[in-house]
Amino acid sequence: QSTKQTTKRIRELVPVNNQKYQGKNAFHLKGYGGHVMDVEGNNAHNESRILTWDLHGGDNQIWIITPTN
């Protein structure tokens, strides 16, 4: 049984306007369809599925961007 994989591209980093994440480089990752990256079921475990969903502002849609050298 094969699984079709779809590549989603990020179009825009939308800063999170939430006091809880102030100063933490927190963003919503918005794709071309207007949806944002979302961890399915608000689950923070390894191997959780990532999908796109309507923006609702939950913690499972907030991504911390860490700069690298």
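Me: Which pattern does the chain follow when read along the sequence?

Reply: The order of elements is read from one end of the chain to the other, and in this predicted model the chain follows the pattern β-β-β-β-β, with five strands and zero helices.

Me: What are the pLDDT values of the chain and of its elements?

Reply: pLDDT expresses the predictor's confidence in each residue. The chain averages 87, and 88% of the residues score at least 70; among the elements, strand β2 (residues 26-31) has the highest mean, 95, while β4 has the lowest, 91.

Me: Is Asn60 buried or exposed, and what does Asn60 touch?

Reply: A residue counts as buried when its relative accessible area is under 20%. Asn60 has 9% relative accessibility and is therefore buried, although its place is in the loop between β4 (50-53) and β5 (63-64). Leaving aside residues up to four places away in sequence, Asn60 touches Met37, Asp38, Val39 and Asn42, and a polar atom of the Asn60 side chain lies 3.0 Å from the backbone oxygen of Val39.

Me: How many of the residues in the chain are buried, as a percentage?

Reply: Buried residues make up 23% of the 69 residues in the chain, and of the accessible surface, about 5,900 Å², 46% belongs to carbon and sulfur atoms.

Me: Which residues make the nonpolar surface patch?

Reply: A residue joins such a patch only if its relative accessible area is over 30%. Here Ile10, Leu13 and Ile65 make a patch of about 240 Å²; Leu13, in strand β1 (residues 10-15), is partly exposed because its relative accessible area is 43%.

Conventions: Residues are numbered from 1 along each chain as its sequence is written. This is a predicted model: local features need pLDDT of at least 70, side-chain atom pairs count only at pLDDT 80 or more; totals for chains, interfaces and linings use all residues. Side-chain values use heavy atoms; hydrogens and water are left out. Patches are made of residues with over 30% relative accessible area and no salt bridge: like charges are joined within 9 Å, nonpolar side chains (Val, Leu, Ile, Met, Phe, Trp, Tyr) within 5 Å. Accessible areas come from the Shrake-Rupley method with a 1.4 Å probe; for residues, only the protein chains shown count as cover. A salt bridge is a side-chain nitrogen of Lys or Arg within 4 Å of a carboxyl oxygen of Asp or Glu. Helices (H or I, at least four residues) and strands (E, at least two) are DSSP runs, numbered from the N terminus. Buried means under 20% relative accessible area, exposed over 50%, partly exposed in between (1.4 Å probe, protein chains only). A polar contact is a pair of N or O atoms within 3.5 Å; within protein, one must be able to donate a hydrogen and the other to accept it, and residues adjacent in sequence count only if both atoms are side-chain atoms. Contact means heavy atoms within 4.5 Å. pLDDT is the predictor's confidence in each residue, from 0 to 100.
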